Structures are given as structure tokens and as C-alpha cells.
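Please read it with the structure open beside you.

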Amino acid sequence: MKISSFWLGKTGRWLILGIAMVLMPSLCFSEEDGTKIIEMLSESSKLINPQSVLSDFADGSSTTRVIVNLRQPVNVSAPPNLRNMDARKQRVTDVSNAQDRVIDVVNPQETRITNRFKYVYGFSAQVTLKGLQALIDNGDVASIEKDVILHPNLAQGIPLMNAATARSTYDGSGVSVAICDTGIDYTHSRLGGGGFPNSKVIGGYDCGEDKNDPMDGNGHGTACAGIVAGNLGTVGDYIGGVAYSARLYALKITNTATGGSAWTSDMIEAWEWCVTHQNDDPNNPIMIVSTSFGGGRYYSTCDSASTAMTAAAANAVSVGMTLFVSSGNDGYCDSIGWPACISHVISVGAVYDSRFTTSSIGWCVSSGSCASKTAGGCSSGWYSLQQAQSDQVIVDSNTASFLGLLAPSKWATTTKLGGS
């Protein structure tokens with residue numbers, strides 16, 4: 001295969017462009033044309049982090065996934081008053097109309113729509129180079145960002161959180177918590193123990209695979225659900241969730257039955273689903289959203305990192321929801337992951353539940369971790385040894401001066417996929 005290389009504008013990186021990248025069943029343009037398109041796109045002011053948006057093309061892919069942010073009417077408030085149902089309906093109509101103006105003129109062979117948002121002015125799509133160029137040239141498009149993959153970042157330490165007293169006076173009745181994660185095993189006896197929906201998991205949706213059944217095939221979401229609101233009872237160290245009478249909504253954001261990764265656009269869809277369905281059960285409205293997914297590294301608040309995700313968070317907060325997002329497991333001491341760094345959410349780092357072993361344990365950390373680390377043994381290429389102490393910050397937890405909370409994590413005793 002013939003290869004060409006070129007300088008990617010201001011990013012100072014070389015991209016390697018294979019001919020295969022610009023070949024589609026419906027069209028063919030020259031290598032020189034492809035190079036010119038890439039050079040032009042890399043300089044576009046509409047691309048948020050051009051290097052990220054164009055990285056799949058650099059790796060030889062013929063397509064990439066993006067989030068397209070649309071221009072808003074000048075009279076639009078941000079965030080909107082979504083508690084007002086008339087304003088909410090108008091927002092849905094205005095967003096849909098804005099989407100139609102762009103989607104109706106794209107070439108479906110170059111741009112495949114993957115998500116249409118409800119309250120955020122935008123949509124996500126899988127695009128070719130020419131599809132991306134057409135979106136940039138569209139006057140209704142404000143900006144374009146990469147639809148990045150997010151990874152799961154778990155726990156229970158009720159006494160350590162000084163939550164025993166609160167738990168004895170308030171059990172979570174009258175509130176629902178949305179677990180935006182890998183789904184929930186709603187057949188678990190502590191999580192309803194029946195079909196879907198049931199008495200505990202009263203609703204939800206699979207945003208990753210666009211299905212009505214948010215059954216967990218991974219276990220991460222089930223573990224989080226048990227920490228939040230597993231039913232009372234004692235099995236070893238497990239005594240039920242912190243708010244054991246709260247109801248749960250299962251929002252599965254992962255894109256395979258058993259997988260543990262999620263597209264940004266599917267997380268946005270889940271947060272928007274929570275707004276739309278907040279009062280499906282008026283006796284148990286969704287007031288809290290828990291999301292233990294993320295990625296990247298940010299040294300301060302990062303609202304500009306993703307226009308769409310930040311807008312979705314602001315919309316959820318505007319209807320009275322509180323969003324908790326894990327800070328990440330890279331071992332940074334001066335930065336946290338995204339979307340935990342968004343100003344509208346509460347970021348949560350991790351401490352040990354207890355001194356559960358006298359031996360040092362090796363945790364995987366990033367090469368950029370401030371911890372003393374050793375090469376090898378992890379997919380990241382680095383691990384760090386640490387002896388567990390109650391309330392000690394875990395070596396792989398991301399922390400920073402702008403972190404919201406630290407909470408007990410390793411090693412949590414909670415509900416496990418399959419019923420144990």
C-alpha cells in the first residue's frame with residue numbers, strides 16, 4: 001500500500017495517511033486530495049483538539065466518531081429551565097429542528113448518525129474525511145469534538161464515612177439513584193430479585209446497544225448499585241447499601257453485552273434519559289446520578305473539553321439532580337479524569353476501607369503517576385506497591401486540589417454479578 005506523510009498543522013505531529021483511509025465504496029479521491037483535506041481540517045477552528053479528532057485517520061481508519069455541536073439560537077438560556085415542562089418541550093423541539101437542518105443535508109454514505117441528543121444542541125456521528133469536511137463547512141455547526149471511549153474506574157465503608165448515624169435516621173426512601181454504568185443485575189436478591197423492572201430497579205435503558213433491557217454483563221454497575229442501595233441484610237461484611245430503601249434506575253452505557261467501555265455520546269444519552277424520565281415514578285424521582293467512567297488528565301476544571309458533555313451535566317443539575325463521577329484510577333496527584341473535572345459534577349476519589357492486609361499490594365498506575373512505581377506487570381506498563389491503611393488515599397486514585405470528595409473504596413464488599 002502506498003503511504004504519504006504530512007505535517008499536521010499546529011499540533012506538531014506527523015500523520016501517516018494510507019490510501020485505504022480515503023477509499024469508500026461510493027467514491028474515490030486521490031492521495032494528494034486526501035492530504036490536502038487533512039491539512040485543511042487540522043487548521044479548522046471548529047475542531048476541538050484537532051489531533052484527537054483526526055487520530056483515527058492517522059492510524060489508517062477510513063472513519064472516526066465525533067460529536068457535532070450546533071449553533072444555538074441567540075435567545076437560548078444556558079442551562080435552560082428544564083424544570084418547566086413547557087420550556088422542556090420547546091427545548092426538545094428547537095434541538096430537533098437544529099439537528100434536522102444539518103442531518104437533512106449530509107451524505108449518509110459519509111456521515112452515519114449514531115445519537116441524536118434531546119436537550120443538547122448536537123448529535124454524534126461516524127464520519128469519513130469528506131463527511132467531516134462537509135460538517136465543518138456547514139454554517140449551522142459550531143464545533144466538532146472526538147467521541148472518545150471512556151473506561152470504568154468501586155465501595156462500601158459506612159462506619160468510615162461516619163454514615164451509620166445518618167443511615168439509622170434516613171434510609172433513602174422517596175429517592176431514586178441512576179447508575180450510569182455497565183447495567184445492573186436486577187435478578188440479584190439484594191437488587192429486587194426478579195425481572196425488569198422490579199421493586200428495586202424500577203426502570204432504565206441500555207443506551208450502549210439501544211435496547212430496553214439494561215442487564216449487566218460485566219459486574220461493575222451491579223457492584224456500584226449494591227453500594228448505593230442494596231437491600232438490608234447481612235452476608236459477611238455486606239449489610240446492605242448506604243441508602244438501602246432508595247430505588248435504582250439502570251442506565252447501561254457500555255456498547256457490548258459484557259464490555260467495560262463506553263462512548264461519550266452514550267453517556268450523554270444516559271444523562272439526558274435521566275432528565276426525561278426523572279419523574280416516571282413521582283414518589284421516587286431521580287435525584288442522583290452515579291457514573292464511574294472516565295478518562296484523560298486535567299489539571300483544573302474542564303468545561304471546555306467537551307461542549308456536549310458539559311451541557312448535558314448542566315441540564316441534569318438544572319432539574320435538581322446531583323452527579324457523582326469517579327476521578328479515575330491513574331494515580332495522578334495533581335489532576336483527575338474527565339468528566340469528573342466538569343464543574344457541574346462532584347468528583348470522587350478513593351481511600352481504603354480498612355487495613356485488610358499487612359502485605360504491600362501492587363496497583364496499576366499511569367506512567368504520569370506521582371507515585372514511586374516499577375515498570376511491568378500492568379497494561380499501563382507501571383505498577384506501584386502500597387500497604388493498605390484505613391482512610392489512606394489509594395495509590396492509584398486520582399486526586400487534585402479541586403477534587404470534590406474522597407470515599408471508601410478498596411476493598412469493598414458489595415453485590416456481585418450472578419447473585420453472590
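1. I begin with one serine. Serine 44 is buried, because its relative accessibility is 14% and the cut-off for buried is under 20%. Keep in mind that this value, like the others below, comes from a predicted model.

2. Where does serine 44 sit in the chain? Serine 44 is found in the loop between α1 (31–42) and α2 (50–53). A polar atom of the serine 44 side chain lies 3.1 Å from the backbone nitrogen of lysine 46.

3. Next come the cysteines. The structure has 3 disulfides. Counting the bonded cysteines along the chain, the pattern is 1-3, 2-5, 4-6.

4. Cysteine 302 is joined to cysteine 341, with an S to S distance of 1.9 Å. The torsion about the S-S bond of cysteine 302 and cysteine 341 is about 90°, which makes the disulfide right-handed. Both ends are buried: cysteine 302 has a relative accessible area of 2%, and cysteine 341 has a relative accessibility of 1%.

5. Cysteine 333 and cysteine 370 form another disulfide, and here the S to S distance is 2.5 Å. This pair links distant parts of the chain, 37 residues apart: cysteine 333 is in the loop between β16 (322–326) and β17, while cysteine 370 is in the loop between β19 (360–365) and β20 (374–375). Are these two cysteines buried or partly exposed? Cysteine 333 is partly exposed at 39% relative accessibility, and cysteine 370 is partly exposed at 47%.

6. The sulfur atoms of cysteine 364 and cysteine 378 are 2.0 Å apart and form a disulfide. Cysteine 364 is part of strand β19, and cysteine 378 is in the loop between β20 and β21 (382–387), so the pair ties together parts that are 14 residues apart in sequence. The torsion about the S-S bond of cysteine 364 and cysteine 378 is about -85°, so this disulfide is left-handed. At 36% relative accessibility cysteine 364 is partly exposed, whereas cysteine 378, with a relative accessible area of 16%, is buried.

7. Two further cysteines deserve a comment. Cysteine 180 is in no disulfide, and the nearest cysteine sulfur, 4.3 Å away, belongs to cysteine 274. Cysteine 180 is buried, with a relative accessible area of 0%, and cysteine 274 is buried with a value of 0%.

8. The aromatic residues come next. The structure contains 5 aromatic pairs. Tyr352, Phe356, Trp363 and Trp411 make up one aromatic cluster.

9. Last, look at two places where a charged side chain meets a ring. Arginine 65 is placed over the face of tryptophan 263, 4.0 Å from the ring centre. Lysine 373 has its charged end over the ring of tryptophan 382, at 5.9 Å from the centre of that ring.

Conventions. Residues are numbered from 1 along each chain as its sequence is written. This is a predicted model: local features need pLDDT of at least 70, side-chain atom pairs count only at pLDDT 80 or more; totals for chains, interfaces and linings use all residues. Side-chain values use heavy atoms; hydrogens and water are left out. A disulfide is a pair of cysteine sulfur atoms within 2.5 Å. Buried means under 20% relative accessible area, exposed over 50%, partly exposed in between (1.4 Å probe, protein chains only). Helices (H or I, at least four residues) and strands (E, at least two) are DSSP runs, numbered from the N terminus. A polar contact is a pair of N or O atoms within 3.5 Å; within protein, one must be able to donate a hydrogen and the other to accept it, and residues adjacent in sequence count only if both atoms are side-chain atoms. Rings of Phe, Tyr and Trp (its six-membered ring) pair if their centres lie within 6.5 Å; planes under 30 degrees apart count as stacked, over 60 as edge-to-face and the rest as tilted. A charge sits over a ring if NZ of Lys or CZ of Arg is within 6 Å of the ring centre and within 35 degrees of the ring normal.
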